[in-house]
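The sequence and the structure are shown first.

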Amino acid sequence: MDWSVFRSQFPVTNRWAFLDHAAVAPLPALAVKALGEYAASLAENGVAAVKEWIERIGQVRQLAGRLIDAPSPDDVYFVPNTTYGVSVIAEGFPWNPGDNVILAAEEYPANQYPWMNLTHRGVEVRTIPSRAGRVSIDDLRAAIDRRTRVLTVSAVEFASGFRNDLDLLGELCREHGLFFFVDAIQSLGVFPLSVQKTPIDALSADGHKWLLGPEGAGIGFIRREWVERLHPIGVGANSVIHPYAYTTIDFRLKPHAGRWEGGAYNIPGIAAMGASLALLLDRGIAEIERRVLGLTDYLCDKATALGWRVFSSRAHNEKSGIVSLIHPSLPSVEVMKRCRASGVIVNSRADRVRVSPHAYNTESEIDRFLDAAR
């Protein structure tokens with residue numbers, strides 16, 4: 001398949017072989033244009049253009065609903081970062097002292113600290129170690145007891161690249177009556193997800209990685225049956241059913257996830273993320289998955305032939321867009337520095353080289369990385 005038109009959207013390719021989308025991704029040209037349009041509109045019109053931009057928020061909500069196959073766009077809400085979406089559940093869940101939450105020990109801090117912050121409410125956090133970079137569903141199952149209330153994982157673990165089986169974990173949660181929360185930041189944009197098929201109760205993901213948006217604008221999802229069972233945090237003018245009736249105090253919260261959009265929207269960030277969402281959806285998430293996995297397979301084959309060790313699982317249902325590599329002689333930080341000097345962007349996580357190409361990258365950029373790291 002020809003990816004040249006898709007690739008032409010990324011000015012970063014003029015200077016860098018950018019292979020670090022698991023960190024902060026470069027913006028495509030359409031997202032840059034959306035940022036500029038908002039800035040120009042604000043400069044020329046101020047509040048007079050507000051109706052146009054509120055309509056744009058609605059359009060992006062529709063796109064986000066398509067991305068995760070939400071039952072309704074109103075089940076999607078905008079988050080300023082992944083942490084906020086985690087905290088919505090952690091702080092709003094109806095805990096009792098002695099309850100516990102289970103998570104993988106290698107979770108990114110954003111999906112650990114909000115749960116650890118519940119100790120004052122008597123909530124225990126049970127962290128389950130991985131086995132050779134894999135999160136074992138049997139280990140998670142063994143940790144469940146009668147006081148377990150929540151199980152949370154990342155769709156893809158940020159350091160190892162291990163892709164959790166969300167369908168199986170969702171079934172496990174339904175079997176035990178647990179709330180299932182997913183940190184989706186390392187998968188949305190590159191792996192298809194249907195919250196109507198996969199029994200996820202809530203998720204959160206900032207847009208600045210595989211969704212190719214700017215930092216500070218992301219999406220969350222909360223299953224409608226949980227909306228009234230979670231105590232809302234961050235409540236403000238946009239949380240109520242008549243958000244623009246400023247002189248009338250009518251404290252009736254929206255009957256959907258929108259109640260967690262309390263204050264002013266990050267309109268430029270949401271608009272830019274929307275432009276990137278449209279780009280990804282137009283190309284097709286399933287096609288992007290095939291492209292990314294093809295690039296990472298190519299990387300693993302080439303790296304192995306050069307003496308690297310592939311730490312990440314490359315099993316069919318476990319591999320992702322993140323590849324964790326161990327160089328035959330150099331520490332990961334040194335590899336990262338040498339690559340940067342050669343115009344190649346990769347990263348270091350857990351003392352391993354982390355490479356994370358997106359669909360616009362090429363096999364020649366993979367070769368360029370391996371040459372730089374020789």
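## Overall architecture

The structure is a predicted model. Its protein chain contains 11 helices and 13 strands. The C-alpha trace extends over about 65 × 60 × 35 Å along the principal axes.

A compact globule of 374 residues would have a radius of gyration near 21 Å, and the chain has 21 Å, so the two agree. Of the 374 residues, 57% are buried.

## Nonpolar cores

The largest nonpolar core comprises 74 residues. Leu 67, Ile 68, Phe 180, Leu 188, Leu 203 and Ile 219 are the members with the most contacts inside this core. Helix α8, residues 267-283, supplies the largest share of the core, with 9 residues. Another core, of 24 residues, lies apart from it and includes Val 101, Leu 118, Val 227 and Ala 257.

Ile 68 illustrates how the largest core brings together separate parts of the sequence. When neighbours within four places in sequence are set aside, Ile 68 is in contact with Val 76, Leu 188, Leu 193, Ser 194, Val 195, Ile 219 and Phe 221. Two of these partners, Leu 188 and Ile 219, are themselves listed with Ile 68 among the residues with the most contacts inside the core.

Beyond residues up to four places away in sequence, Pro 268 touches Leu 35 and Tyr 38. Pro 268 and Ile 57 are separated by 211 residues in sequence, yet their C-alpha atoms are 9.7 Å apart in space.

The largest pocket has a volume of about 440 Å³. Its lining consists of 19 residues, and Arg 163, Asn 164, Asp 167, Phe 191 and Pro 192 are those nearest the centre. Helices α7 (166-176) and α9 (285-305) are the elements that each give two or more residues to this lining. By class, the lining has 7 nonpolar, 6 polar and 6 charged residues.

The second largest pocket holds about 280 Å³ of space. This pocket is also lined by 19 residues, with Tyr 108, Ala 110, Ile 185, His 208 and Lys 209 nearest its centre. Its lining divides into 8 nonpolar, 6 polar and 5 charged residues.

Most residues other than glycine have a negative phi.

Is Asp 351 buried or exposed? Asp 351 is exposed, because its relative accessible area is 69% and the class begins over 50%.

Technical notes: Residues are numbered from 1 along each chain as its sequence is written. This is a predicted model: local features need pLDDT of at least 70, side-chain atom pairs count only at pLDDT 80 or more; totals for chains, interfaces and linings use all residues. Side-chain values use heavy atoms; hydrogens and water are left out. A nonpolar core is a set of buried Ala, Val, Leu, Ile, Met, Phe, Trp, Tyr and Cys residues joined through side-chain atoms within 4.5 Å. Buried means under 20% relative accessible area, exposed over 50%, partly exposed in between (1.4 Å probe, protein chains only). Helices (H or I, at least four residues) and strands (E, at least two) are DSSP runs, numbered from the N terminus. Contact means heavy atoms within 4.5 Å. On a 1 Å grid over the protein atoms alone, a cavity is a set of points where a 1.4 Å probe fits but cannot get out, and a pocket is an open set with protein on both sides within 12 Å along at least five of seven lines; lining residues have an atom within 4 Å of a point. Grid points are joined across faces, edges and corners, and a volume is the space filled by probe spheres set on the points. Ala, Val, Leu, Ile, Met, Phe, Trp, Tyr, Cys and Pro count as nonpolar, Asp, Glu, Lys and Arg as charged, and the others, Gly among them, as polar. The radius of gyration is taken over C-alpha atoms; the globule rule is 2.2 Å times the number of residues to the power 0.38.
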